[in-house]
Structure formats: structure tokens, C-alpha cells
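Please walk through this structure step by step.

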Amino acid sequence: MKNIITSIFLLSITLNTQSVSAAINPKICMILDKAGKDDRSFNQAAYEGFQTALKTLPISKESKVIDAKEDTQLKQAIRSFTKSNCAVIFSIGINNADAIKALIPKYPEQKFVVIDSVINENNVRSIIYREDQGAFLIGAIAAMKSKTNEIGFIGGMDIPLIRRFETAYIAGAKYINPKIKVFSGYVGISIEAWNNPTKAQELALSQYAQGADIIFHAAGGSGLGVFNAAEKKDNLKYKKYAIGCDSNQNWIKPGIVLTSMTKGVTETVIDTIQSVIDDKFSTGKNSYGLSNGGVDWALDKYNKNLFTNKDLEKIKKIKSDIIAEKIQVPDYYKEAKN
Amino acid sequence: MDWINLAFSIGGATIRMSAPLIFAALGGLFSERSGIINIALEGKMLAGAFAAAAVTTLTQNPILGLIAGGFAGMLMAIVYGIFVINFKANQIVVGTAITILASGTVPFVSQILFQNTGSTPEIPIGNRFIYTPIIIAWLLVISIWCLFKFSPYGMWHKFAGEHPDALQTSGIDVIRTRWSGVLVSGFLAGLGGATLSICLSSSYTRNMTAGRGYMALAALIVGGWKPITAALACLAFGFFDALGITLQGIQIPKPEFSIQFLNQIWSFFVSAQFIQIIPYILTITIVAGFVGKSRPPKALGQPYLRNR
């Protein structure tokens, strides 16, 4: 009798500790794409979110981040993560999207979070950003600040996501000034296009030479070349500016980077991890736009004095109009379907 | 934008874009003429790009940075040389391995020095070169042409690649000649990488060479393993790159043909995607023997065994 009581007692303790440890310390796993954790852009933002969560939130210290440089590595990473009790697996970035889409159906029990693309499976939370809203606002800002009435856009790899930026950016500029001229160019058509600042610089120099005075880049690591071009051409007739993308890049070249279109990747990663901890994790499509901080424009000490109060008010007005859907923002994704 | 401005814009871009290719192609020339295939140019450039940016950041001196870039390329060349010259390993395999080694080692060293695997800190514009490396590249083209044309040193290199036995018989050490070719090659490729990071850009960023090592190799083959023609081939590649860039920016007049099919053909040939593939089409056409002959050195890729 005594034995039985003890064993029940012990069993209940073990059961208890198991369930408690599972509830308190979920293990978070994250897969970054080819650009790596220091790309000053998308991956870096997600990585920072992960690091913050590791320091401040009660998640397992065994949580892991890895870079997947190619599809085979991605496959291996997912296989090892699914075997090691990850509560959720984050997949960051558009470069891994196709590969992960093919892999997810093999692991119906595992919960995934896919950032930047939509995958319609029951175990996936897809997080997408309203780049169209952000780029529209940036286009409006660029048109407001342009002295030559000519602005530019430089994309990285020529893919629909970046076309979405371009379409909305042009629409935003035309909203302020219907006669504005927008040059656009793409660094390339292969994956190298994200890491080719030299070529992006030449593209930007060419656009500046043709009369553009503000260029918005959506080119990942290549975007640095756009900043360099703005810096080089700075002494000519008009002040030249560049606009950063994905993370706040104002600090890279203060006074030259007019502003940045930020994506709240860090915050969404932290929010999602929090929802896992609170056991409120839900699957399905979640979209983050101007209204909930998913996309925004960056204003900080580096670019504060480039904007007057009048500018700020105007930008605020446009922003609230977009949120209230008083302004129709064209969406490349929808246009492409029709 | 008028035509003169357009010409200047394309011309400037051509000269800038081709400079790193010229360095790397000249580097490839040195090792390939002495009989060592140099598919590792890409890796050596990457090492050079990183070392140049890192040293410039640490010392605030771009000249030291440029030299460091050269020596980083040379360091890669030493590893390469030990395997392919002394151990007589397969040159293609080791060359590929060196490129992979560079793309892994560089982020590692970067993490140690700057706590960042993706890029080095920004180099202010005063600490960067504006056009010095570009001038150096063209001076090198001429001096290397003279070297191969007139000096015995150049002759030894040619024989090490064409007929190593003959060179050995005449009393010149083939192994030593090949070593010097590989080392100079590494140094030049490193300079090419340095040009990318501290002249044409403002820091090292991950994999910033973006296939230029392979393009340089192609230019070398197109140029028939000769310095001046190889440099011209680099210039042509740079030109098509620049053309692609400029054409993306301007509105190309679209003639309205009465037949729909012709309209489609026109928009296909003036699309940015098509212009971007021109350099590669050109390479394939030329390498396939369309324009004259492009003959590699006879003993290229064959390890030299001294006591056969």
C-alpha cells in the first residue's frame, strides 16, 4: 500500500514537472535565409527579435537560430528541428519560401511561422506585411521632398514582392504630384542581386545623372550602393537623398538617408513568441500594415531636421488616410491576378 | 537626358565596372600561362575585398588596405599552390574548394574583428579611392603585356604552361615558376577584390563579388590568354553591364508594328532581362569558336612531375 502511494505520488510529481516545464519554456527555432543574420535588413531584424525574446521572455535556452544557405541545408535544418521538440519553427525571408512550401506538408504535427509569404496549411501562421501601404507612403514622402520632380526606385531581384513595392511607390509619388517622373531599375534577375552593391551604385548613379534626386531602394544588401551613389553625387546642383528599406537605415549615412521604410519584423517575432508562451498561438494569415506598426517610415535623430513641421503633418494625414482606406493603394499582387 | 550625357554615363560606368574584372583577369593570366587553372579567382577576390575593407577601417589608410587586399589574395593562393603544385591535386576541385573556403572564412574573421558576419563598418568617403585602382589596373595591363612580350621572366611563364619539360631542361625550375605565377595571380585577384570594397563600394558586404571571379575567367578565355585582349574583353563585359543599367532607367521608344508578333519580339529584345544576358551569350559564342581561335596553354591543368 505504502509503495503504491509513494509511486502515485512520485508519478504525479514527474507528470507535474513535465507539464510545467513544457508550459514555461517552449523551444523556439528559427531559420534565416541566405543573406544571414547581419544583412542590416530583414534577417537581422528577425534575429534581433529572437535575441530579445531569449533575454526577456521565458523561452528555452536551447532555442536555436541557423542560416540556411541553400535548399538542402533548409531541409536538414527542418528535419533536425522537428525531431528536437521545437514549439514553433520560424522561417524568415522570401528566398526560402518556395523550398519551405514544399517541405511543410511533410510535418503536419509541427507548428510553423512563415514570415513574408503565405502558405495555406493548417499548421502554419503566415505573417505578411502590407509593403504596398508602406511604399505608397514612402513614394508620397519622396515626391514631397523632391526638388527636381524626378525620383527613382531600385529593386534587388526582379520578383513580385519587389514589384509590389515599385507599384505602390509610384502610385504614392503620383498622389502628391501627378506629373512626377519615376525611374526604376532592378539590380538583377538572380539571387546575387541582393548582394551586389557595386551594381546598385551604378544604377543609382545613372538615375541621379538623369535628374532624380531621391532614390528608394528595396534591394537588401545591395542598397548600400545606392547610399554611396547619393554621397558621391551630393555636391552637384541638388542635394541627393536615398531612402532605406526593411530596417531603419537612417544611421548608416546621416543626412543622406532621407528616411527608411521599416518593417516591424522584430516586433512581430517577439509578439509571436509571446503568443506561444501565452498558449494563444493561432495559425492562418496575419497581415501587418500601417495601422498596427507592421510597416512604417522611420523618423529619428539622424533625419529629424530634414523635415519641417508642415511636412510631418502632411505625412501624418496621408498615413491616417491610408489606414482609413480613404486612399486606394494599388496592390501588385491583386493586379497581377486580374 | 541628351545623348552626350548618356554616352558619358555609360562610359564612366563601363570603366568602373570593368576595373575589378581586369585585375582578376590579369591574375588569372599569370597562373594560367604558367599552367595552373585558376578557378579560385572568386575566392581570392572575396578575401581581398574583405581584407582591404578591414585594414582600411582599422588603419584609416586606403593604401595599406589595397596592399592588404593583395596579400589576402596571395594567402589564398599559397593554400591553393601547396595543394595543386606540391601535392599535384586536381586544380578544378581545389580551386572550387578555395572559393568555398573563402566564403566561409571571411564571415568568421569578420565576426572576430567586427562582431558582424555580414559587413564591415562603413568607410568614410575621404578614406576611399575615387579612381586610383582603375588607373593601376590599366597600367598593369600594359606592363604585364611588356613583361610577357620582352622579358625572360614572362617567357619562363609561357614555357611552364606550354612545355614544362623544355623549361626544366634549359635549367629553369618549373615548380618555382609556377609558384611565382600562382602567387602573383593571388595578389592581383586580391587587388581586384579590394577595388570592389574600398573604391567602388564603401565596405565589404557578404558575397559582394557576385560571380565576378568567374566573369574574369571568361574574359581571360575570350581574350585568348593575352593581357590586352583579356582587358578589352573585361571592358566589353563592363560595357554590356553598363548598357543594361542605363537602359533600365530610360524609356525606350516603342515602335508600333502593325503585326502583334513584331511588337512582342521588339519588347523581348529591349527588355532589361535580355540585355543582362548579352555578356554571357557573347562569351559562349566566342568560346564556341565563332570569332577566331582561343587556344589555352598546352600544359594547362597538368601537374608537373619533376623526375619522370
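This is a predicted model. Begin on its surface, in chain B. There, B:Leu75, B:Ile78, B:Val79, B:Ile82, B:Phe83, B:Phe87 and B:Leu101 make a nonpolar patch of about 600 Å². Helix α3 of chain B, residues 62-86, gives the largest share of this patch, with five residues. Take B:Ile82 as one of the patch residues. B:Ile82 sits in helix α3 of chain B. Its relative accessibility is 34%, so B:Ile82 counts as partly exposed.

An unreviewed UniProt entry lists several spans of chain B under "transmembrane region", among them residues 63-85 and 216-244. In the model, residues 63-85 of chain B are 100% helix and 0% strand. The end C-alpha atoms of that span lie 31 Å apart. Residues 216-244 of chain B are 86% helix and 0% strand. Here the end C-alpha atoms are 18 Å apart.

Now turn to charge. Side chains of opposite charge can pair when their charged atoms come close. Over all chains, the count comes to 18 salt bridges.

One of them joins A:Asp67 and B:Arg206, at 3.8 Å from N to O. This pair crosses between chains. A:Asp67 lies in strand β2 of chain A, residues 64-67. B:Arg206 lies in the loop between α8 (174-198) and α9 (212-222) of chain B. B:Arg206 has 9%, which is under the 20% limit for buried. Therefore B:Arg206 counts as buried.

Within chain A, look at A:Glu131 and A:Lys263. Their side chains meet in a salt bridge of 2.9 Å, N to O. The pair links distant parts of the chain, 132 residues apart. A:Glu131 belongs to helix α5 of chain A, residues 131-145. A:Lys263 belongs to strand β10 of chain A, residues 257-263. At 1% relative accessibility, A:Glu131 is buried. A:Lys263 is buried as well, with a relative accessible area of 6%.

A polar contact of 3.4 Å joins the side chains of A:Asp116 and A:Lys263. A:Asp116 lies in the loop between β4 (111-115) and β5 (124-129) of chain A. Is A:Asp116 buried or exposed? Its relative accessibility is 6%, so A:Asp116 counts as buried. What does A:Asp116 touch, leaving aside residues up to four places away in sequence? Its contacts include A:Phe42, A:Gly93, A:Ile94, A:Ile127, A:Ile128, A:Tyr129 and A:Leu161. A:Glu131 and A:Lys263 are among them too.

A further salt bridge in chain A joins A:Arg163 and A:Glu166, with the closest N and O atoms 3.4 Å apart. Both residues sit in helix α6 of chain A, residues 160-176. They are three residues apart, so about one helical turn separates them. A:Arg163 is partly exposed because its relative accessibility is 25%. A:Glu166 is buried, with a relative accessible area of 9%.

Salt bridges that share partners join A:Asp116, A:Arg130, A:Glu131, A:Asp132, A:Arg164, A:Lys263 and A:Asp331 into one network.

Terms used:
Residues are numbered from 1 along each chain as its sequence is written. Chains are lettered from A and ligands numbered from 1 in the order in which they are written. This is a predicted model: local features need pLDDT of at least 70, side-chain atom pairs count only at pLDDT 80 or more; totals for chains, interfaces and linings use all residues. Side-chain values use heavy atoms; hydrogens and water are left out. Helices (H or I, at least four residues) and strands (E, at least two) are DSSP runs, numbered from the N terminus. Buried means under 20% relative accessible area, exposed over 50%, partly exposed in between (1.4 Å probe, protein chains only). A polar contact is a pair of N or O atoms within 3.5 Å; within protein, one must be able to donate a hydrogen and the other to accept it, and residues adjacent in sequence count only if both atoms are side-chain atoms. Contact means heavy atoms within 4.5 Å. UniProt positions are given in the numbering used here, feature names are shortened, and annotations may be inferred rather than shown by experiment. Patches are made of residues with over 30% relative accessible area and no salt bridge: like charges are joined within 9 Å, nonpolar side chains (Val, Leu, Ile, Met, Phe, Trp, Tyr) within 5 Å. Accessible areas come from the Shrake-Rupley method with a 1.4 Å probe; for residues, only the protein chains shown count as cover. A salt bridge is a side-chain nitrogen of Lys or Arg within 4 Å of a carboxyl oxygen of Asp or Glu.
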